[in-house]
Amino acid sequence: MTRTHNWIATSGGPHLLIADEQLLHWRGIEGWRDHGDPADQSDYARACRVTTWLGSIACHRGKAVVLSGDAGDIAWYPDGQGDGGFLVQWIGVDDERLIEPALRTPQLRDILGSSDAERLELETGASGTMWLIDATDRGCDLRGNHQALALLPGSYLAKAAYYCSAGLAIVVREIRRINSPLNEAG
């Protein structure tokens with residue numbers, strides 16, 4: 001089956017969503033020994049210790065969002081407005097064309113709105129650009145496939161849930177802008 005979106009794979013660990021302003025400070029597997037050892041404070045080890053679909057860890061003066069919990073490539077489905085979209089993780093998909101209609105279903109809306117959905121607030125940084133990368137990569141030397149997500153600067157709410165229908169099993173992480181930067185507010 002031909003894939004029509006840019007599906008970002010990892011080498012086995014989690015994906016990372018990181019603001020452009022923090023990217024060069026992400027060290028990936030540099031200094032990594034054993035993510036099971038709490039004394040290992042390498043970026044990759046700290047990311048691997050996140051086991052939920054949405055987690056946040058410190059990176060330089062900001063935070064990086066860890067997308068963990070399941071193995072599978074992730075693609076960005078933007079809303080076309082620059083203020084959100086969906087990160088879709090491929091778990092079991094018979095046909096990629098099933099994904100976009102699923103993102104518009106009332107069932108998915110209900111799942112993401114339920115108390116069972118994971119939630120995390122995140123900041124884009126001044127540029128609004130967020131990078132979807134393999135957590136093993138160093139930000140200054142991206143070797144795996146990666147993608148820049150062009151968002152409007154500000155605060156966002158991410159919600160994550162598992163969605164399953166005929167021929168489709170995906171983890172959906174919806175990202176929606178909740179606030180603009182203070183200098184735009186007035």
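**The open sheet and its setting**

Modeller: Of the 186 residues in the protein chain, 45% are buried (under 20% relative accessible area, 1.4 Å probe, protein chains only). This is a predicted model: local features need pLDDT of at least 70, side-chain atom pairs count only at pLDDT 80 or more, and totals for chains, interfaces and linings use all residues. Residues are numbered from 1 along each chain as its sequence is written, and side-chain values use heavy atoms, leaving out hydrogens and water.

The protein chain has five helices and ten strands. Both are DSSP runs numbered from the N terminus: helices are H or I with at least four residues, strands E with at least two.

Now the sheet. Five strands form an open sheet in the order β4-β5-β10-β9-β6, with antiparallel pairing. Two strands count as paired if DSSP finds at least two bridges between them. β4 (74-78) and β6 (118-123) are the edge strands, each pairing on one side only. On average, neighbouring strands of this sheet are turned by 25° against each other, direction ignored. Axes here are lines fitted to C-alpha atoms, for helices over the stretch in contact; angles run from 0 to 180 degrees between N-to-C directions.

α4 (residues 106-113) lies across β5 (84-93), β6, β9 and β10 (168-179). α4 runs at about 125° to β9.

Definitions and conventions. Contact = heavy atoms within 4.5 Å. Buried < 20%, exposed > 50% of the residue type's maximum accessible area, 1.4 Å probe, protein only.
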